[in-house]
Structures are given as structure tokens and as C-alpha cells.
Amino acid sequence: MSSMLSTSRGPSPKRPLSALSGSASFDPSDATHAADQHPVLTKGRVAVVTGAAGGIGSAAARAFAALGMKVALADLPSSSTQLDALRKELCAVVGEANVLVVPTDVAVFDDVCRLRDKVYEAWSEVAVLLNNAGIGGAQDGKRGTSWDGLEAWRRVFDVNLFGIVNVQQAFVPAMLHQENPAMVINTGSKQGITNPPGNAAYNASKAAVKSLTEGLAHDLRSQPEAPVTAHLFVPGWTFTGMTGATANAAKPAGAWSPDETVKYMLTRVARGEFYVLCPDNETTPEVDQLRIMWGAADAAQGRPALSRWHRDYKALFEEYMREGQALAADGALGK
Ligand SMILES: NC(=O)c1ccc[n+]([C@@H]2O[C@H](COP(=O)([O-])OP(=O)(O)OC[C@H]3O[C@@H](n4cnc5c(N)ncnc54)[C@H](O)[C@@H]3O)[C@@H](O)[C@H]2O)c1
């Protein structure tokens, strides 16, 4: 690691800093065009994707390759068949030299250091670090609830929280040594913000991801010499293995496809946004906004915890949502 750090400044491909101010000409309606204009999401630069073997991760890897980026694919050794199929697919797009597969359990720090070393040995830089690997919370079919499922609590934190902590600790020091702009995108969840009852361990792990990513954003902007930004990527309901997708299952109308979610995310990070809350076909940005504000008001106003799901607050919450959505329809929400 130390030898890599001391030499990484040299090989980092240089791009004009003026490109940093190029976002004005970027059309957010088209992520591919956006990426053409963006100094990080640029042909020839390097994307690292954890949890790349399926769902949102493989959609992101395809999107990065479509931009002409070099892509490192990391997932569990047990996903080697899917990883190999994706590798072949991406090699046809960007060429064999520009795709790397590194079997990695993000919960294991040594695995993550090996991933970093392979990527820097091959390409000497990282432009996009997408922390996407995650699990839904069940361990041996059992979820971590308030007083049960201790093993599920441990595993979901090992993957969803410590997976990201491990990757940040391994990669960010090296990324800070690069001269080019770069970004870290951590994958949270609306469940980590509004905390709906039913999957306490998953919610808590994703709340921690929000917290650590906000801290990362602050710490990175205190390093003006190192143009690395952090982003919290919060998918909406996306049809993946985690949410019941199989080869034969049709996507529910309310869900987005992984491609839709990734395209939305890339558009928003290219605009420089920190909070990337993705809608889906069921939940609009306004509904998300109202739900988040209600949850924050529990603490601010001293209501019971999770009052949204408290029988005494049911009618009040429904009225709040009706009024809020009417304001949103008039374009007056938040004014
Ligand atoms: N699908 C949704 O509706 C949704 C909503 C909000 C957040 N998310 C988040 O999006 C991310 C991607 O999830 P997805 O929906 O694509 O699910 P998915 O199950 O299709 O993909 C997750 C990938 O992570 C990999 N993975 C699991 N544990 C790992 C580990 N220890 N090391 C390396 N890789 C590991 C899996 O093998 C899998 O390929 C997750 O962090 C998830 O929590 C998904």
C-alpha cells in the first residue's frame, strides 16, 4: 500500500482543471451526454463497482463501460459465474484490457486491499468508486429484529456498513493522491432515512451509511487540493435479486429497472448533487420529500418514535400527505 501511495501521483492521467466547470453545458436529461461532459465520468477513466454481479451493480458497470470507462468488477467468489458473463459482455464493449474481475468479499478488509492493489496496478487511478454491495438483512432466512436475529445483525452490518468502511479506508487515501477529480458513491436506502418498521438491522445499517457518507463529504471538501467528492445514492424500489427478481419474474409496475435507477443516479452525481434520492413508478420525489420531513419532525417536535406508523398519528399523517401533495401539485411544496 505505502509504495502505491508514494507513486500514484505520477501515473494519474492529467486532465485540464477547467473541465471541472464544464457542468453548465451538460444536459441532465441524458446521463450519457452528461458523462461526456464530466471530468470523472469520462472515457478512459476507471470505475470500481462492488456487488457488480447483479442488479444495480451490473447495470452500473454496463453504464460505465458504455461511457468508455475501464471497469473493475468486485463481488463474492460465489458470484463468479455471473461475474464472468458480465466480464465477457463488457470486454466486447471496452476491450479485454479495460475490464478487471476481482472476487471480493467487501466485509473482509484484506480482500478489499487486494481489490485496490489490483486496480492501481492495472490502471494507477480510480475515478468512480461505487460502493454498491449490500444484503437485504436476512441471515439463514431470519431478519435482525429488535430482540432477535443477532447473526443477521452482525452480517448485515459487516456487509452494508463495514463493507463501505473497508472500501473507504482502503481506497480513499490512494484517491486523495490523484490529481484528477474523482468520486465516491455510497449506496444507502430510504429505509436508512425514514426507518419503516420490519427490518431493523437493514434500516440501521443504511442509516449508518447515510451518516458516514455525510461525514465523508464534509471531510473531503476540507481537502481542497484533492478534488474527490462523495455522494449518497439512494435507490427507489428497483427490481433486482434483492427485491425478488428472477429470470422469469416480470418487473412489477411500481418498480424501476436497475438501468433506470443507474441512469438517474449518474445524471444527478454528474450535476454534483450529494443526496441522490431516486424515485420509482410508485413514489414521486415529492412523496419522498414529505415522508423525510415528517420523520425529521418526530425528533424536532417530540412526537413518538416512528409516529408515521403510530395509530394515534395515522389520520394526522394522512392529512399531512394529502395537503403536501396538493401543495406539490401547485408547485408550492417547500415554499
Ligand atoms: N433493489 C432495491 O429496491 C434497493 C433499494 C434501496 C437500496 N438498494 C441497495 O442497492 C444495492 C444493490 O442492491 P441490488 O438491489 O442490486 O441487490 P442485488 O442482490 O441484486 O445485488 C447485490 C450484490 O451485492 C453482492 N454482495 C453481497 N454481499 C457481498 C459482499 N460481502 N461482498 C461483495 N459483494 C456482495 C451480491 O452478490 C449481489 O451481486 C444494495 O446496497 C441495496 O441495499 C436496493
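Start at Asn195. Asn195 is buried, because 20 other C-beta atoms lie within 10 Å; buried means 20 or more such atoms within 10 Å, exposed means 12 or fewer, partly exposed is in between, and C-beta atoms are placed from the backbone. Asn195 sits in the loop between α7 (191-194) and α8 (200-221). Its phi is positive, about 60°, although Asn195 is not a glycine. Most residues other than glycine have a negative phi.

The model is predicted: local features need pLDDT of at least 70, side-chain atom pairs count only at pLDDT 80 or more, and totals for chains, interfaces and linings use all residues. Residue numbers run from 1 along each chain as its sequence is written.

Next, select Ser124. Ser124 also shows a positive phi, about 65°, and is not a glycine. Find Ser124 in the loop between α5 and β4 (128-131). Ser124 is partly exposed, with 18 other C-beta atoms within 10 Å.

Now pick Glu96. The loop between α4 (80-94) and β3 (99-103) holds Glu96. Glu96 counts as exposed, because it has 11 C-beta neighbours inside 10 Å. Glu96 and Lys70 are 26 residues apart in sequence, and their C-alpha atoms are 9.7 Å apart.

Zoom out to the whole chain. The chain has 11 helices and 9 strands; these are DSSP runs, H or I of at least four residues for helices and E of at least two for strands, numbered from the N terminus. Of the 335 residues in the chain, 44% are buried. Among contacts with a separation of 6 or more, 68% join residues 24 or more positions apart; a contact means C-beta atoms, placed from the backbone, within 7 Å.

Then show the ligand. The ligand is surrounded by 29 residues, where near means a C-beta atom, placed from the backbone, within 6 Å. Gly51, Gly55, Gly134, Thr240 and Met242 are the closest. Highlight α3 (55-66) and α6 (150-176): each supplies at least two residues of the shell around the ligand. α3 gives the most, with 3 residues. By type, the shell has 11 nonpolar, 16 polar and 2 charged residues. Here Ala, Val, Leu, Ile, Met, Phe, Trp, Tyr, Cys and Pro count as nonpolar, Asp, Glu, Lys and Arg as charged, and the others, Gly among them, as polar.

The axes of α5 and α6 come within 8 Å and cross at roughly 30°. Axes are lines fitted to C-alpha atoms, for helices over the stretch in contact, with angles from 0 to 180 degrees between N-to-C directions. α5 and α6 are therefore roughly parallel; that term covers angles under 35 degrees, roughly antiparallel is over 145, roughly perpendicular is 65 to 115, and the rest are oblique. Display Phe109, Val112, Cys113, Arg116 and Tyr120 in α5, which meet Asn166, Val167, Ala170, Phe171 and Ala174 in α6. The residues of this contact divide into 8 nonpolar, 1 polar and 1 charged.

Last stop: α10 (residues 285-301) and α11 (residues 314-329). Their axes come within 10 Å and cross at roughly 135°. That makes α10 oblique to α11. On the α10 side, select Glu286, Leu290 and Trp294; in α11, they meet Phe317, Tyr320, Met321, Gly324, Gln325 and Ala328. The residues of this contact comprise 6 nonpolar, 2 polar and 1 charged.

Technical notes: Two residues are in contact if their C-beta atoms, placed from the backbone, lie within 7 Å.
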